[in-house]
Amino acid sequence: MLGRVAALAALGGFLFGYDLGLIGGAMLGISQAFNITKASTKEAIVGAAKLGACFGAFLGGALMLRYGRRKAIAAEAVFFVAGPLVMAAATGPG
């Protein structure tokens with residue numbers, strides 16, 4: 001049991017780092033598309049992605065405790081679809 005928990009925690013850490021690498025690579029395109037030159041704006045975009053992941057983990061856990069896994073996963077799927085649609089429709093970094 002402890003090995004399984006440790007393996008899942010390690011996998012979560014790996015995916016968190018992988019996500020950080022992806023947003024870092026995406027910043028090249030985002031910077032060019034929106035003419036972002038200030039480092040603080042780039043840092044805010046990367047930070048917002050990580051902050052969203054943190055709050056999403058807490059929200060997902062709370063939804064699962066209250067409504068069960070299936071309903072929580074269905075509700076979270078809405079965010080996984082809506083998030084990229086909102087980002088695709090964005091006209092600026094804000």
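Helix α2 is followed by G68, whose phi is positive, near 95 degrees. Helices here are DSSP runs of H or I with at least four residues, and strands are runs of E with at least two, numbered from the N terminus. The model is predicted: local features need pLDDT of at least 70, side-chain atom pairs count only at pLDDT 80 or more, and totals for chains, interfaces and linings use all residues. Residues are numbered from 1 along each chain as its sequence is written, and side-chain values use heavy atoms, without hydrogens and water.

**Helix α2**
- Helix α2 covers residues 39–67, 29 residues in total.
- I45, V46, K50, G60 and L63 are the buried residues of α2. Buried means under 20% relative accessible area with a 1.4 Å probe, protein chains only.
- The cover over these buried residues includes α1 (2–33) and α3 (69–88).

**Overall fold**
- The protein has 3 helices and 0 strands.
- Along the sequence the pattern reads α-α-α.
- The radius of gyration, taken over C-alpha atoms, is 16 Å, well over the 12 Å from the globule rule for 94 residues, so the protein is more spread out than a compact globule. The rule is 2.2 Å times the number of residues to the power 0.38.
- The C-alpha trace spans about 50 × 30 × 15 Å along its principal axes.

**Burial and surface**
- Of the 94 residues, 12% are buried.
- The accessible surface comes to about 7,400 Å², and 72% of it belongs to carbon and sulfur atoms. Areas come from the Shrake-Rupley method with a 1.4 Å probe.

How values were computed:
The expected span of a helix is 1.5 Å times one less than its number of residues. Buried means under 20% relative accessible area, exposed over 50%, partly exposed in between (1.4 Å probe, protein chains only). Contact means heavy atoms within 4.5 Å.
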